[in-house]
Amino acid sequence: MPVLACAILVVIGVFISADEQPPAQPLDPAAWGSDHVGKPVPDYTTGGECLFCHRKEIGSQWASNRHHLTIRPLSQEAGGVRTASASLAGEPMFVLGNKKKLRFLRRSGTYGHLDLHTQAYDPATRKLSGATRAAWQSHTFGRNCAGCHTTGVDPETHAFSSLSIDCFSCHGDVDLKHTTDPSRALLSAKGKTPARVVVSICAQCHIRSGTSRSSGLPYAGNFVPGDNVLRDLKVSFTDKAMAELNPVDRHILENVRDVVRLGEDSMNCLTCHRVHESSADRHQHLPKSSAICANCHDSGNGRWTTKQFKTRSTTCQY
Ligand code: HEC
Ligand code: HEC
Ligand code: HEC
Ligand code: HEC
Ligand code: HEC
Ligand code: HEC
């Protein structure tokens with residue numbers, strides 16, 4: 001019965017080929033876009049110049065934004081911090097950090113470099129803690145911290161262009177023609193910045209488990225917003241790598257993975273976060289069925305609760 005045999009074979013063939021359909025191949029996260037590895041840091045417009053025109057909507061909130069304040073003068077800190085720092089020899093000038101840990105910095109001999117003190121201040125105990133030996137380190141900050149806590153870092157010298165995080169870090173080298181065509185500015189409400197470009201911008205600092213292919217440092221070399229950060233930053237998106245992270249770092253890595261590996265662009269950081277308002281309020285109105293929610297919420301027994309969690313990071317030494 002050759003005809004029937006053929007028909008059976010065809011049917012089997014259909015099933016086999018349906019079965020053998022490879023699972024949707026994850027995308028190569030490095031396959032799109034550009035990078036600025038090996039190129040000079042752009043001569044970008046600084047925050048002071050941007051705020052000349054944007055003072056009204058942005059300026060007042062910017063003054064208290066954590067990005068702007070990640071490194072700030074010690075003289076503006078509360079008394080407890082200043083008292084504790086008085087016992088450190090060698091005149092600390094700046095602090096880095098927030099509620100979990102503060103670190104002390106001072107200008108070093110060369111422009112764009114800071115020395116980092118080994119001892120940390122713990123705001124909970126109001127005491128200095130950490131390394132037993134108190135010392136100023138001259139290369140640690142540039143090599144291990146600068147890329148995410150300052151702006152415009154030269155990948156060769158590790159010198160930064162501006163202290164703390166400036167507009168350039170997220171909006172990039174904004175073309176001044178944007179004043180008549182706002183869609184030219186990255187992250188403009190009118191521009192519809194693609195999801196993978198948005199997550200790349202945030203991930204340049206908020207992925208704290210990556211390594212630069214070009215430098216071996218924990219931050220990407222000479223990232224300019226608009227670039228694809230994963231061309232230079234090597235990051236593991238495996239379940240094992242996810243499981244090792246705390247819920248905050250994990251929801252970030254999951255979101256980046258969904259966008260750049262799985263090609264899902266319905267959700268990015270800005271679906272939930274408003275950077276200038278320092279708010280995540282809008283996340284509460286999203287469907288509770290998204291997998292990302294489970295990082296921070298339990299929904300067992302039909303009850304919706306928020307988990308208790310601690311954020312820590314070996315990259316940031318806290
Ligand atoms: C890959 C980018 C990256 C690098 C490299 C990095 N940081 Fe951070 N750091 C961050 C981000 C992002 C946060 C905010 C995390 C959050 O709020 O969840 C942070 C937060 C901190 C905090 C504040 C913790 C708190 O909430 O009180 C301190 C202190 C800190 N970093 C110190 C350092 C030091 C010191 C180094 C270098 C040894 C360093 N970081 C390197 C990205 C980085
Ligand atoms: C940490 C990233 C980040 C930094 C740094 C940053 N911005 Fe933004 N900015 C955003 C994002 C994201 C948006 C989109 C709206 C939102 O999420 O708040 C935005 C929106 C804007 C808008 C559009 C107005 C609006 O409210 O939608 C202006 C203007 C702006 N930023 C100017 C600035 C200026 C000026 C600076 C520096 C003083 C700056 N931004 C620094 C991320 C940043
Ligand atoms: C000469 C004045 C001027 C300077 C300098 C300037 N801007 Fe603008 N910017 C404008 C005007 C005008 C608009 C369009 C009107 C609007 O939407 O606010 C605009 C729009 C924007 C938008 C889009 C706003 C929206 O509604 O979506 C962003 C983002 C932005 N600027 C960021 C920046 C950043 C970052 C800098 C510095 C690198 C900067 N601007 C420098 C005048 C300026
Ligand atoms: C240049 C590095 C850098 C970039 C780019 C960056 N962040 Fe941050 N972000 C930080 C650091 C560092 C802190 C912690 C500052 C501190 O408290 O000392 C922080 C804090 C935050 C916080 C907690 C504080 C707050 O204001 O609510 C949120 C949320 C956040 N970032 C979201 C984003 C998003 C979303 C983007 C992308 C649009 C982004 N960040 C881009 C470095 C960065
Ligand atoms: C589904 C919504 C959602 C998405 C998508 C999301 N986040 Fe979050 N994120 C949250 C919520 C909610 C919190 C907790 C806010 C709080 O504690 O008030 C949070 C916390 C954070 C924090 C710690 C804030 C702090 O105060 O220490 C950072 C940093 C952060 N997110 C960055 C990002 C970045 C970067 C992305 C994109 C890669 C992202 N998030 C994507 C909802 C989201
Ligand atoms: C990174 C942690 C984080 C993620 C991810 C997250 N949440 Fe939340 N969520 C919080 C925190 C913290 C609160 C407590 C209130 C606040 O600060 O916003 C909260 C509060 C809420 C609330 C209001 C208070 C309550 O318990 O009823 C709702 C609703 C909510 N989240 C829904 C969601 C949904 C839906 C998702 C997924 C799309 C999600 N959350 C993802 C951290 C998170």
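**Exercise 1.** Find the count of salt bridges between domain 1 and domain 2.

*Solution.* Start with the rule. A salt bridge needs a side-chain nitrogen of Lys or Arg within 4 Å of a carboxyl oxygen of Asp or Glu. Apply the rule between domain 1 and domain 2: the count is zero salt bridges.

Before going on, note the ground rules. The model is predicted: local features need pLDDT of at least 70, side-chain atom pairs count only at pLDDT 80 or more, and totals for chains, interfaces and linings use all residues. Residues are numbered from 1 along each chain as its sequence is written, chains are lettered from A and ligands numbered from 1 in the order in which they are written, and side-chain values use heavy atoms, with hydrogens and water left out.

**Exercise 2.** Describe the interface of domain 1 and domain 2: its residues, its buried area and its polar contacts.

*Solution.* Domain 1 covers 25-64 + 166-312, and domain 2 covers 71-164. These bounds come from an automatic or database domain assignment. Over C-alpha atoms, the centres of domain 1 and domain 2 lie 25 Å apart.

Step two: list who takes part. Contact means heavy atoms within 4.5 Å. Domain 1 brings twelve residues to the contact, and domain 2 brings 17 residues.

Step three: get the area. The size of an interface is often given as the accessible area lost when the parts come together. Here buried area is that loss with a 1.4 Å probe, summed over both parts. Domain 1 and domain 2 bury about 1100 Å² between them. Carbon and sulfur atoms carry 61% of this area. On the side of domain 1, Val41, Tyr44 and Tyr219 supply 41% of the area buried against domain 2, more than any other three residues.

Step four: look for polar contacts (N or O atoms within 3.5 Å; within protein, one able to donate a hydrogen and the other to accept it, with sequence neighbours counted only if both atoms are side-chain atoms). The rule finds four residue pairs across the interface, both residues at pLDDT 80 or more.

Step five: name the elements. Helix H7 (168-171) and helix H8 (195-206) each give two or more residues to the side of domain 1 that touches domain 2. Helices (H or I, at least four residues) and strands (E, at least two) are DSSP runs, numbered from the N terminus.

**Exercise 3.** Where do Ser164 and Asn301 lie, and is each one buried or exposed?

*Solution.* Check the backbone. Ser164 has phi near 65°, positive in a residue other than glycine. Asn301 also has a positive phi, near 55°. Ser164 sits in the loop between helix H6 (146-149) and H7. Asn301 sits in the loop between strand E9 (297-298) and strand E10 (305-306). Ser164 is buried, because its relative accessible area is 4%. Asn301 is exposed, because its relative accessibility is 79%.

**Exercise 4.** Trace what the side chain of Thr118 reaches.

*Solution.* Thr118 belongs to strand E4 (residues 114-122). Its relative accessibility is 15%, so Thr118 counts as buried. The side chain of Thr118 reaches the backbone oxygen of Arg133 at 2.9 Å.

**Exercise 5.** How many disulfides does the rule give?

*Solution.* A disulfide is a covalent bond between the sulfur atoms of two cysteines. The rule asks for a pair of cysteine sulfur atoms within 2.5 Å. The count comes to zero disulfides. Cys148 is buried at 18%, and Cys296 is buried at 17%.

Definitions and conventions. Buried means under 20% relative accessible area, exposed over 50%, partly exposed in between (1.4 Å probe, protein chains only). Buried area is the accessible area (1.4 Å probe) that two parts lose on being put together, summed over both.
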